[in-house]
Amino acid sequence: MYYEKLKNNPVKDIRDLEQALLDTVEPYLAHASRGYARIDAGPSGATFSATAVQLEGFARLLWGLVPYLAGRNRNLNETAGSQSSGGFDYSEFIARGIRNGVDPEHPEFWGVPGDYDQLLVEMAVFGYALLLIPDIVWEPLDSRARRNFSRWLSFINQRQIPDCNWVFFRILVNCGLLKVGAEGYDRELLEDALKLTDTFYLTEAGDGWYNDGFPSRRRARDYYIPWAMHYYGLIFSSLCGDMYPEYAAKYRERAVLFAEEFASWFAATGAALPYGRSLTYRFAQGAFWGALPLALDDASYDWKTAKGIFLSNLRWWFGQSAYTETGLLSVGYTYPNQYMAERYNSPNSPLWALKAFIPLAVPETHPFWQDTEHIAVKEEAPKPGQCSQQGSTGFHICSDSEAGHLYALNCGQWTPGVPNEHLHMAEKYAKFAYSASFAFNVVTDTYGIDKLAPDNMLLLSDGEEYYRYRKETFDHQVTNSYVYSKWNPYSDVQVETWLGPIDAGRWHLRAHRIISDRPLKAAEGGFPLPFGDEFYPLPGDDARKSNAESTVTTGQGISRIVDCRALREGLLVIASPNSNIMHPRVVIPTLLSEHKPGEFWLGCLVHAHPDPNEKAGIPRFSEALESFPETVQQNLLNSGEIS
């Protein structure tokens, strides 16, 4: 029922957005504890305690309810809001939940956090609430409840936190405590945290990107930059700007720069590039665009495009099967899927998607709401037949036709020496390409290429069916024509990879130089293509094999990979069900080969499109190579392997 409401919501204006929030929140009320401080949405677990999971459910609802109530407080949507909510008192829900959750003598007490604790993560929204709706979350509390609340929040200043986006949790909490004159505020720690955010900013790049942590230690430039670093910075700029105006100005300027680059991550359909971890937060992908108008009121800004990206992304998401039968957001991406989850994904974790409802706090008179949305991406983003390079992410982002295939060529972001702290890091950060139409597969087992997610990867094996692939990358380079990386699947095997758009992005070219002290089997996959019942019965092995290329067409598109020198065998790999984060069943066109020890080169052309009739002609290989380094041209044009 709730899913149908969202699916049928046109998401055109602030009223539609308000209704979408209420339809998202309402199913969770049935899972609330008697004291409202906890939400128990399911039995699956995470790396933190059951208490933290249940706090997570309550706290993350507030990312949507806080701006909703702030908007009602301005009497801009109070009538529509009360009607839509069915009379439920969300103000009392929040105040009562907080009062009980911070009370050490109450059975629903959230507990005392330790170092690096999930409880510290969930504190950020309470700082946000103190800044935006103190009349609801602070003023109704008696003196004892206020002491409990400020004492519990003050643990953010007494515990260790990682040097990453978490520093903004400390910033928001301290600003909130300061705003209401509560105890536990620490000015020195707040200012240290603000200074730390400057060290994460990629100043020399000049493109608005942060690193999620110290760039010297790790390269992490994914959705945590828009939905965390910039998102919190924009909240700070709007609600704390009078405290530290110099930082507020910095955060605004950086966000405007970032918007120019981030726009290219969104297709005209509203779909965004699936890339990196925590993708179960879903429509938080567009939260940055909703936070911009909270902090920026420049009438000359391109609000039509910001609004278009924001609303079209929500419409795309509301059309997916991301919900359970009772209306809860599932763990997964476009459908329930535990394979792709991180260890910290509990049944309540997807509620960070509610960050997208932040423009409910933006006055309806703001040009963001008044302007007519422009759905197409910004002029600086790749248009059909164009590609744009992004040095900070290591991407070439391509859009190959009006029908829409947005994808990114990737040189890799997993730096050697950084611990593999999250699940499926290679699949989420190190594939050759990421597509807004076809997404990517994750590994479901260690044996066999059908389970090892060969899509947009080169798999190498020294025996049997155990393969290795690109994980850590060295010597990242982004040029006007290609992206480059060096990687080592084995200690005595070195691979250099060049990836570049061809034929205005309709195809891309891959070149690999492999130097190995051992014999190797190689399997290289193209884009994973979804299929339905029209693809059954599955063809036999002989029917799935071909010479020098592998091509597959289904009712949901076309995917091709063509060997540049006609030395490899083509195979259609039927991937493990539910291994793709967007489509439950996919087939992957793949090239297979075997090689003796020594140096050898591999090259291929790759094309995919969600329109099965988009059968772009194969570019001439010699012409495709013209934009690549001369050494690549010479070696790939020569036949045979180098001994």
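This is a predicted model: local features need pLDDT of at least 70, side-chain atom pairs count only at pLDDT 80 or more; totals for chains, interfaces and linings use all residues.

Biologist: Is the crossing of α10 and α11 left-handed or right-handed?
Modeller: The crossing of α10 and α11 is left-handed. A crossing is left-handed if the near helix is turned anticlockwise from the far one by less than a right angle, and right-handed if clockwise. Helices (H or I, at least four residues) and strands (E, at least two) are DSSP runs, numbered from the N terminus.

Biologist: At what angle do the axes of α10 and α11 cross?
Modeller: The axes of α10 (residues 167–180) and α11 (residues 187–200) cross at roughly 145 degrees and come within 9 Å. Axes are lines fitted to C-alpha atoms, for helices over the stretch in contact, and angles run from 0 to 180 degrees between N-to-C directions.

Biologist: Which residues of α10 and α11 meet?
Modeller: From α10, Val 167, Phe 168, Arg 170, Ile 171, Asn 174 and Cys 175 meet residues of α11 that include Leu 189, Ala 193 and Phe 200. The residues of this contact divide into ten nonpolar, two polar and one charged. Ala, Val, Leu, Ile, Met, Phe, Trp, Tyr, Cys and Pro count as nonpolar, Asp, Glu, Lys and Arg as charged, and the others, Gly among them, as polar. Contact means heavy atoms within 4.5 Å.

Biologist: Changing topic, how many aromatic pairs are found in the whole structure?
Modeller: A search of the whole structure finds 62 aromatic pairs. Rings of Phe, Tyr and Trp (its six-membered ring) pair if their centres lie within 6.5 Å; planes under 30 degrees apart count as stacked, over 60 as edge-to-face and the rest as tilted. The rings of Tyr 275 and Phe 395 have centres 4.9 Å apart and planes at 85 degrees, so this pair is edge-to-face.

Biologist: Where do Tyr 275 and Phe 395 lie?
Modeller: Tyr 275 lies in the loop between α13 (245–262) and α14 (287–295) and Phe 395 in strand β2 (residues 395–399), so the pair ties together parts that are 120 residues apart in sequence. Tyr 275 is buried at 1% relative accessibility, and Phe 395 is buried with a relative accessible area of 1%. Buried means under 20% relative accessible area, exposed over 50%, partly exposed in between (1.4 Å probe, protein chains only).

Biologist: And what about Phe 283 and Phe 357?
Modeller: Phe 283 and Phe 357 form an edge-to-face pair, 6.2 Å centre to centre, with 85 degrees between the planes. Phe 283 is buried, with a relative accessible area of 1%, and Phe 357 is buried at 0%.

Biologist: Where is Asn 165 found?
Modeller: Asn 165 is found in the loop between α9 (143–153) and α10. Asn 165 is buried, with a relative accessible area of 3%. Leaving aside neighbours within four places in sequence, the contacts of Asn 165 include Asp 212 and Tyr 224.

Note on methods
Residues are numbered from 1 along each chain as its sequence is written. Side-chain values use heavy atoms; hydrogens and water are left out.
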